[in-house]
Amino acid sequence: GGQTALGPALCVSVFLAAASHGSSVLLATDGLANKGVGTLEDQVDETSAQLFYTEMGEQARLHGVTVSI
């Protein structure tokens, strides 16, 4: 198994979808977000990961993007 860069993928997807109000992003993963920004693997960095995903949700809302998990 490889690593899952969930945070970077979500960030790019939300901002690409934001180009068209009302777009949606379907987030599917086969593992733990353990690579790059938003990693959940390191317990020390858990607070920054929570802040990152909260901000991604807020950006999606502001741009009219629905994120389904």
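Modeller: The largest nonpolar core is made up of 12 residues: L6, L10, V14, A17, A18, V25, L27, A33, F52, M56, A60 and V65. A nonpolar core here is a set of buried Ala, Val, Leu, Ile, Met, Phe, Trp, Tyr and Cys residues joined through side-chain atoms within 4.5 Å. Buried means under 20% relative accessible area, exposed over 50% and partly exposed in between, with a 1.4 Å probe and protein chains only. Two or more residues of this core come from each of α1 and α2, and α1 gives the largest share, four residues. Helices (H or I, at least four residues) and strands (E, at least two) are DSSP runs, numbered from the N terminus.

Please keep in mind that this is a predicted model, where local features need pLDDT of at least 70 and side-chain atom pairs count only at pLDDT 80 or more, while totals for chains, interfaces and linings use all residues. Residues are numbered from 1 along each chain as its sequence is written, and side-chain values use heavy atoms, with hydrogens and water left out.

Now to α1 itself. Its buried residues are L6, G7, L10, V14 and A17. Viewed down the helix axis, these buried residues fall within an arc of 105°, so they line one face of α1; the arc is that of the directions from the helix axis to the C-beta atoms. On the face turned away from the buried side, α1 carries the exposed residues V12 and L16. The cover over the buried residues of α1 includes β1 (24-26), α2 (46-62) and β2 (66-68), where contact means heavy atoms within 4.5 Å.

With a relative accessible area of 13%, F52 is buried. Neighbours within four places in sequence aside, F52 is in contact with G7, C11, V37 and G38.
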